[in-house]
Amino acid sequence: MTTLVRLAKRAPCLDVEDFQRSADRASDWSAAVPHGLRGATQALTLAGAYRRGEPACDVIDELAFDDEASSARCLAEAAFGRAWASPLLDPASVTCLVVEEHVAKPGPVPASFVKNYELVTKRPDLDRAEFDRYWAQVHGPLAATIPTIRRYVQAHLSPGTREAGTAPCDGLAITWFDDVAAMRAGAATKAYAETRADEANFLAGELPFVITTERATFPQA
């Protein structure tokens, strides 16, 4: 399974409340269906996150396809391109990642949950293969021991995206929690401290993160 990810900020003319009320209009993926769209979700940044200033993005869309070739054909479709470049979004902010998921901690998603995205950038002295190996085989099992994480998925860049070398980051670390309180409780554990300490072994600098709630945009209930 390959996932096409769109990370974006809202258009400058929109405040947060206006954008979140109308964000469903930025996720019409009907043009992706002929290219094999399997499912899509839209994650909106929690309102409380704005108290600390502007977050890394306001919205993250994930579109699932059978393989990278299907997602590439979709991206090349003009009708899809118009939907992708929604007028609700700041065009300069729209980022595209094509990723393949590695499940580091399986588990059901709670009925009511928050979903945290961290934008991962590899240490510059590591080659891509070693970065992917370390993240999946060493860091992943360590992070999976944080007790309040319900599910943890690593989104690694797809082969074509790695070869192109144009991605603004090297992947996404995606975790699900019961709520924000559970996230904070996890951050107080020894497992969390050990996980953060390990990041220097393969990551560069701080990890921008976005705490969101999510809804399905395809198929719609």
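1. A word on the model first. This is a predicted model, in which local features need pLDDT of at least 70, side-chain atom pairs count only at pLDDT 80 or more, and totals for chains, interfaces and linings use all residues. Residues are numbered from 1 along each chain as its sequence is written, and side-chain values use heavy atoms, with hydrogens and water left out.

2. Start with the largest pocket, which has a volume of about 570 Å³. Its lining has 30 residues, and Asn116, Glu118, Met183, Arg196 and Phe209 are the closest to its centre. (On a 1 Å grid over the protein atoms alone, a pocket is an open set of points where a 1.4 Å probe fits, with protein on both sides within 12 Å along at least five of seven lines; lining residues have an atom within 4 Å of a point. Points are joined across faces, edges and corners, and a volume is the space filled by probe spheres set on them.)

3. Which element gives the most to this lining? Helix H6 does, with 4 residues. Among the others that supply at least two are strand E5 (114-120) and helix H4 (128-143). (Helices, H or I, of at least four residues and strands, E, of at least two are DSSP runs, numbered from the N terminus.)

4. Now look at the second largest pocket, with about 310 Å³ of space. Of its 20 lining residues, Gly39, Thr41, Glu62, Ala64 and Glu101 lie nearest its centre. Strand E8 provides the largest share of this lining, 4 residues.
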